[in-house]
Amino acid sequence: MSAKAAAGKATPHTTPAERTDRTEQTERSGLRHTLKRRHMQLIALGGVIGAGLFVGSGVVIRSTGPAAVLSFLAAGTLTVLIMRMLAEMTVARPVPGSFYVHVRETLGPRAGFAVGWLYWYFFVIVVAVEAVAGGRIVQLWLPGAPLWAISLVLMALLTATNMVSARSYGEFEYWFSSVKVLAIVVFLFLGALYVLGLWPHAHGGLALLTAHGGFAPAGLGAVLTAVVPCIGFFTGAEIVTIAAAESVEPERAVADAIRSIVLRVVAFYVLSVFVVVAVVPWTSKAIEVSPYAAVLDRLAVPAAGTVMNAVVLVAVLSCLNSALYTSSRMLFALTRNGDAPRGMSKVSASGVPHRALLAGTSVGYLSVIAAWISPDVVFTFLINSYGAIALFVYLAIAVAQLRMRRTLERTEPSRLTLKMWLFPWLSRLTVALLTLVILTMAFLPTTRPQFWLSLLTVAVVLTAYEVRRRGTRDTA
């Protein structure tokens with residue numbers, strides 16, 4: 001069944017009693033249903049389009065050549081499969097914490113504890129990384145301002161935004177994402193004019209795809225290896241499932257958002273990379289610095305560098321905004337099963353878990369200070385220690401979907417209004433591919449430090465679970 005068809009059936013197959021039960025469950029938690037469908041669509045979009053597309057994709061192109069298009073297509077396809085599996089569970093059971101709760105119910109409390117805390121840790125580090133990245137961009141316009149001060153100001157502003165309400169977060173993300181979408185659409189349009197020979201002084205054509213050593217100058221191995229970092233660029237699409245618990249129409253909103261991910265992957269990543277390698281020689285050093293700016297310079301667009309810096313800053317602020325929101329909701333969800341201190345469950349009058357939000361912000365502040373005091377040791381360690389965590393979480397999500405689907409088919413088949421394609425074979429293939437990608441990280445020189453330090457993070461979280469479990473048992 002297509003996602004579009006599933007979305008159309010989601011509402012009729014959900015009984016009024018089921019909808020009321022889910023609404024009451026969320027409201028009992030203290031959260032509010034304030035996110036509309038337009039917010040959800042752009043939240044999903046903002047999660048997929050990060051600064052990695054505008055800047056990081058250049059590194060992949062320089063190491064792979066024009067065949068980087070295939071690397072992004074493969075990574076995007078795997079991401080779509082993971083999101084479809086997650087969407088099936090979320091539409092069936094839209095609860096605060098999303099996949100943390102699903103993993104806990106299907107794989108046990110230990111796995112749930114690990115996934116919840118790993119995901120929280122991932123995003124509090126993202127908060128620091130994006131704040132530092134945003135600070136460096138602002139420094140281009142304010143060279144006299146210290147990096148740490150700019151980063152802290154950016155974090156404070158978006159923390160204040162998130163403290164108002166989920167609706168406030170959604171509104172900011174809506175406009176941040178709208179700017180990113182507009183920038184990509186304009187970029188693709190200008191690139192198409194150049195390739196077709198309709199741009200002034202443009203020769204057009206696709207000769208650059210094979211002009212410098214062929215389409216895959218580094219070989220098929222490099223294309224497959226590049227899939228690993230490419231998957232990292234897509235991390236964040238799952239944020240929409242966490243926001244579902246605060247959506248007016250959780251089932252339909254998630255179904256609609258997931259439905260359009262395929263189009264986004266093709267249009268925004270694959271086509272963007274295609275335009276870059278078709279307009280600028282992949283051997284150009286300018287691509288590694290900023291592929292989008294390299295294309296705009298080739299087209300002689302006025303103030304191309306300034307325009308791209310502004311767009312990248314918006315992308316960074318969007319990621320920072322979402323990271324603050326996501327980390328707070330995950331920590332809040334952890335409190336509901338006793339996996340985090342109960343004090344973090346306190347909710348403001350507007351439905352914001354403000355203590356959980358400030359906890360994530362505080363860790364972000366400390367990480368920014370670490371970036372200032374010890375950028376080459378402490379901050380580098382933090383970045384490497386979360387590099388593979390998203391993949392570990394995705395693997396747990398995929399395994400959880402395999403188990404939950406069987407359970408729902410037996411007990412509540414009416415809830416399966418959006419299903420994973422070709423179940424169970426495609427689900428099993430997704431698990432196998434994720435495992436392969438994770439193992440590949442252990443052998444690639446560029447990703448090996450991230451793999452092992454991320455494993456260390458997992459070990460610390462699992463140790464914390466054992467300490468908590470024994471402490472609970474001793475006090476029982």
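Analyst: Happy to! Let's start with the wording for angles: under 35 degrees counts as roughly parallel, over 145 as roughly antiparallel, 65 to 115 as roughly perpendicular, and the rest as oblique. Please keep in mind that this is a predicted model, where local features need pLDDT of at least 70, side-chain atom pairs count only at pLDDT 80 or more, and totals for chains, interfaces and linings use all residues. Residues are numbered from 1 along each chain as its sequence is written, and side-chain values use heavy atoms, leaving out hydrogens and water.

The pair is helix α7 (residues 109–139) and helix α18 (residues 354–373), whose axes cross at roughly 50 degrees and come within 8 Å. α7 and α18 are therefore oblique to each other, and α7 passes α18 in a right-handed crossing (the near helix is turned clockwise from the far one by less than a right angle).

On the α7 side, the residues that meet α18 are W120, V124, I125, V127, A128, A131 and V132. Their partners in α18 are A359, G360, V363, G364, S367, V368 and A371, with contact meaning heavy atoms within 4.5 Å. The residues of this contact divide into 11 nonpolar, three polar and no charged. Here Ala, Val, Leu, Ile, Met, Phe, Trp, Tyr, Cys and Pro count as nonpolar, Asp, Glu, Lys and Arg as charged, and the others, Gly among them, as polar.

How values were computed
Axes fitted to C-alpha atoms, helices over the stretch in contact; angles between N-to-C directions. Helix = DSSP H or I, 4+ residues; strand = E, 2+ residues; numbered from the N terminus.
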